[in-house]
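Subject: Structure for you to look at

Hello,

Here is the structure I promised to hand over. Please open it first, then read my notes below.

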Amino acid sequence: MTTALSAARGTWNATDLPDLSGRTAVVTGANSGIGIATVEALAAAGAHVVLAVRDPERGEAAAVGVPGSVEVRPLDLADLASVREFAATWRGGLDLLVNNAGVMNTPESTTKDGFETQLGTNHLGHFALTNLLLPHITDRVVTVSSSGHKMPGTPRIHFDNLNLTGEYDPVKAYSQSKLANLLFTLELQRRLTASHSSVRSLAAHPGWAATNLQSQDGSALRRAFMWVRNRTLAQDNRAGALPTLYAAVQDLPGASYVGPDGFGEMRGAPTLVGRSPAAGDPATAKRLWTVSEDLTGVTFPQPAAVPGP
């Protein structure tokens, strides 16, 4: 493991990754943006990286440009049948799972299983995937959240109306899904600790990174606003991937949250950052976990990495 000293000095970058030879990682949403930058860095450090993508053709096109050991497997997080198939065909160990895929500020719609698209893709799909793969995971799970989890208006989990039916707002739905990512990270770590597992659950956010994620916004005005910010304030996808990579290799406590160290956490070197009070509430995290199990039909299994007596 590398030390936190270089990050504290604002200098940590992908060249500080340790040798990852012999290790296997899965990165969801890996064919573009922060996902492909994460794949490139992990593969360059020696890891075998699986690009878990909705469109295998786009995944293969992205993989061609990655030096190192990579493969592409289909995974649609908006379809629980696809999630189950991906997990059911996994063989062998898995050192690192990076829950990176996501959608942002999309027009009102539902997944194949009837969940609001942003909550269903960003949270429930990853919730099911993580628990189904957990018996294979030997090191850690890194889930990509967002500073959007604390957008103005006190974001919360709308347990009485998770799909936001009749009150849908794309920004509210996105904030709810990113808050869910952090609550999932918190409760997953609690369960791992209680089961005496050495597997760790961590979260990261990229700051403001210029990717095509913002192009999904259903509002032309917001798309224009983000287009301007992408070209004036944003960092590139490789810089945006650094908090994920830092969380993937640093010797950090479980449930840690990593983001950029610059002003407003929009850009900079990766470091530990804070979260909203709502994102650190263990009671809400437990409640969301129970609801997520009910919705997906997937429960917490016995993890792989359990120390001996």
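The average pLDDT of the protein is 89. A score of at least 70 is reached by 85% of the residues. One stretch needs care: residues 1-9 stay under 50. The model still gives that stretch 22 contacts beyond four places in sequence. Where pLDDT is low, the predicted coordinates should not be read in detail.

Now the overall build. The protein has 309 residues, and 56% of them count as buried. There are 9 helices and 8 strands. Take the contacts with a separation of 6 or more: 72% of them join residues 24 or more positions apart.

Next, the helix pair. Two packed helices are described by the angle between their axes and the distance between the axes. Find H2 at residues 33-44 and H8 at residues 237-249. How do they pack? The angle is about 65°, and the axes are 8 Å apart. Angles from 65 to 115 degrees count as roughly perpendicular, so H2 and H8 are roughly perpendicular to each other. The crossing of H2 past H8 is right-handed.

Which residues of H2 and H8 meet? H2 brings Gly33, Ile34, Ile36, Ala37, Thr38, Glu40, Ala41 and Leu42. H8 brings Asn237, Arg238, Gly240, Ala241, Thr244 and Leu245. Sorted by class, this contact has 7 nonpolar, 5 polar and 2 charged residues.

Best wishes

Methods:
Residues are numbered from 1 along each chain as its sequence is written. This is a predicted model: local features need pLDDT of at least 70, side-chain atom pairs count only at pLDDT 80 or more; totals for chains, interfaces and linings use all residues. Side-chain values use heavy atoms; hydrogens and water are left out. Axes are lines fitted to C-alpha atoms, for helices over the stretch in contact, and angles run from 0 to 180 degrees between N-to-C directions. Helices (H or I, at least four residues) and strands (E, at least two) are DSSP runs, numbered from the N terminus. Angles under 35 degrees count as roughly parallel, over 145 as roughly antiparallel, 65 to 115 as roughly perpendicular and the rest as oblique. A crossing is left-handed if the near helix is turned anticlockwise from the far one by less than a right angle, and right-handed if clockwise. Contact means heavy atoms within 4.5 Å. Ala, Val, Leu, Ile, Met, Phe, Trp, Tyr, Cys and Pro count as nonpolar, Asp, Glu, Lys and Arg as charged, and the others, Gly among them, as polar. pLDDT is the predictor's confidence in each residue, from 0 to 100. Buried means under 20% relative accessible area, exposed over 50%, partly exposed in between (1.4 Å probe, protein chains only).
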